[in-house]
Structure formats: C-alpha cells, structure tokens
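Reader: Can you walk me through this one? I'm new to reading structures.

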Amino acid sequence: MSKTITIDGKEIPYEDGQTIMDAAIAADIYIPHLCHDPDYEPHGSCKLCTVNVNGRNCSACTFPALEGQNIINQSADLEQDRKRITQMLFVEGNHFCPSCEKTGDCQLQGVAYYLDMHDNHFPHFFANREMDASHPDILIDHNRCIFCNLCVRASQEKDHKNVFAISGRGMNKHLIVNSITGKLKDSNIHINDHAAHICPTGAILIKRTGYKVPIGERTYDKQKIDAVALAKENKHHGR
C-alpha cells in the first residue's frame with residue numbers, strides 16, 4: 001500500500017525521497033514556483049512554493065513528503081503571501097514587460113498572471129544595475145535578475161563550470177560572474193551551456209534571437225503557467 005499525504009483535502013500518494021513539490025506535480029497539483037526546476041537540486045530561495053503543513057509554513061520544493069501530512073496549498077493567506085512576494089520581485093528589479101524580449105516566455109510574468117496580480121503594490125526601487133553585453137553570444141541584464149540561483153546551479157551541476165554566483169545579502173544581493181574582470185566575455189561560458197538558457201526571466205538572453213517567436217504566440221500567451229509547468233515537469237519524470 002502506497003504512502004499518502006493530503007493536499008487541500010485530496011489524498012495523494014508519494015514515494016520515499018520525494019518532496020511535497022514532487023508528489024504534488026505527480027498528482028497534477030500545481031504549487032507556484034520560480035526557483036524550482038526538476039533538473040536541479042532544490043534551493044528554496046523564491047519562497048513562492050510556501051505551503052502550510054500541519055499548521056506550519058514551509059517550502060514545498062525542499063520539504064520531504066511524509067506520512068500524515070495535511071497540506072494546505074490554496075488559501076487566501078497563502079495566495080496573498082505569494083502575490084506580495086511576486087510584487088516585491090517586480091519592484092526590486094526593473095521588469096518592464098512590454099519592452100522585454102522574454103515577454104510571453106517569462107515565468108515571473110506567468111506567475112503574476114496566475115496570481116491575478118494587477119499592480120506592483122509597493123513603490124518601485126528603480127535599481128541601477130548595469131547590463132553586461134560583453135560576450136559575443138550572451139548578455140546579462142542584471143535589472144531582471146530575481147536571484148533564483150538557477151544559472152548558478154546549472155553552471156555547476158550541468159556545465160561543470162562555476163560561471164555564476166550570488167553575492168551579498170538583502171538590498172546588496174547581486175549576481176556576479178566569476179572572471180578576472182567580472183565580465184561575461186572573460187568567463188568560460190559557452191552559448192550551448194545550460195546556464196545560458198535556464199533563466200526564468202529576461203536576465204540572461206542569447207543575442208541575435210530576439211522576436212523569432214512573435215508576441216502573442218509565446219509560451220504563456222497560449223497556456224497558463226500551471227498547465228505548462230505540470231506538463232514539463234511530469235514529462236521530465238517520464239509520466
């Protein structure tokens with residue numbers, strides 16, 4: 001007999017070693033997330049996947065599924081918290097969606113639509129972050145980085161390099177490039193590296209590929225992020 005947990009009143013099976021996120025995805029239950037990707041070690045940095053487990057909040061992408069858990073994923077409080085987190089991500093950077101090449105393919109934008117976010121709520125910080133266009137094939141617009149750590153994990157876990165790192169804390173947190181000048185051109189990143197393609201926003205882009213897919217025909221123009229994420233992540237697990 002398989003072990004089970006309960007999410008929003010629905011009993012679902014899980015296997016030893018699965019996180020709550022893993023079990024939820026296998027049961028076609030979407031828990032909003034940005035820093036989670038099944039190809040990489042869970043990081044728990046964005047906190048969007050916070051759920052309530054037996055009265056305590058925790059990150060679904062890092063917390064193991066265990067027998068007897070009663071998990072709340074959908075509640076007014078959690079939805080409000082997720083909306084506020086997403087709004088903070090928007091105002092801490094400079095996310096001007098209509099002018100961004102990633103619009104329609106951006107997971108931050110997709111999550112905002114899913115959460116029915118209509119405004120930024122908080123005053124904009126208008127952070128002054130430089131763009132690094134020094135590399136012949138790849139650019140970084142630091143204004144759009146949400147510090148999800150995916151490029152760091154991709155570079156280390158898949159590319160077996162160490163191109164990126166997150167430095168500093170709080171308002172001083174920023175993405176750095178491990179090269180003698182701090183510029184991408186002096187790093188050993190290659191256009192085919194996983195780290196060059198993993199960014200969920202428009203912070204890391206491939207040059208000379210802009211607008212190959214017209215706006216209106218992009219990923220989240222056609223489907224909501226919950227359907228896209230569940231299909232992709234279940235495919236990853238061979239389901």
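Author: Domain 1 and domain 2 bury about 840 Å² between them, and 59% of that is on carbon and sulfur atoms. Buried area is the accessible area, taken with a 1.4 Å probe, that two parts lose on being put together, summed over both. This is a predicted model, where local features need pLDDT of at least 70 and side-chain atom pairs count only at pLDDT 80 or more, while totals for chains, interfaces and linings use all residues. Residues are numbered from 1 along each chain as its sequence is written, and side-chain values use heavy atoms, with hydrogens and water left out.

Reader: Where are domain 1 and domain 2?

Author: Domain 1 covers 4-81 and domain 2 covers 129-208; the bounds come from an automatic or database domain assignment. Their centres, taken over C-alpha atoms, are separated by 28 Å. Domain 1 puts 9 residues into the contact and domain 2 puts in 12, where contact means heavy atoms within 4.5 Å.

Reader: How many does the structure hold?

Author: The structure holds 8 salt bridges. One of them joins the side chains of Asp37 and Lys232, at 3.5 Å from N to O. Asp37 is in the loop between α1 (20-26) and β3, and Lys232 is in helix α6 (residues 225-236), so the pair ties together parts 195 residues apart in sequence.

Reader: Switching topic. What order do the 5 strands of the open sheet take?

Author: The order is β2-β1-β5-β3-β4, with mixed pairing. At the edges are β2 (10-14) and β4 (56-59), each pairing on one side only. Strands (E, at least two residues) and helices (H or I, at least four) are DSSP runs numbered from the N terminus, and two strands pair if DSSP finds at least two bridges between them.

Reader: How do β1 and β2 pair?

Author: Strand β1 (residues 3-7) pairs with β2 in the antiparallel sense over 5 bridges, and Ile5 stands opposite Ile12 in β2. The two strands form a hairpin with 2 residues between them, and Asp8 in the turn has a positive phi of about 50 degrees.

Reader: What about β3 and β5?

Author: Strand β3 (residues 50-53) and strand β5 (residues 70-72) run antiparallel, joined by 2 bridges. Val53 is opposite Ile71 in β5.

Reader: Which strands does helix α2 lie across?

Author: Helix α2 (residues 76-92) lies across β3, β4 and β5, and runs at about 155 degrees to β3. Axes are lines fitted to C-alpha atoms, for helices over the stretch in contact, and angles run from 0 to 180 degrees between N-to-C directions.

Reader: Last one. Which strands are in the sheet of 3?

Author: That open sheet has the order β6-β7-β10, with antiparallel pairing. β6 (131-132) and β10 (204-206) stand at the edges with a single partner strand each, so one side of each is left without a neighbour in the sheet. β6 is joined to strand β7 (residues 138-141) by 2 bridges, and Met131 stands opposite Asp141 in β7.

Key
A salt bridge is a side-chain nitrogen of Lys or Arg within 4 Å of a carboxyl oxygen of Asp or Glu.
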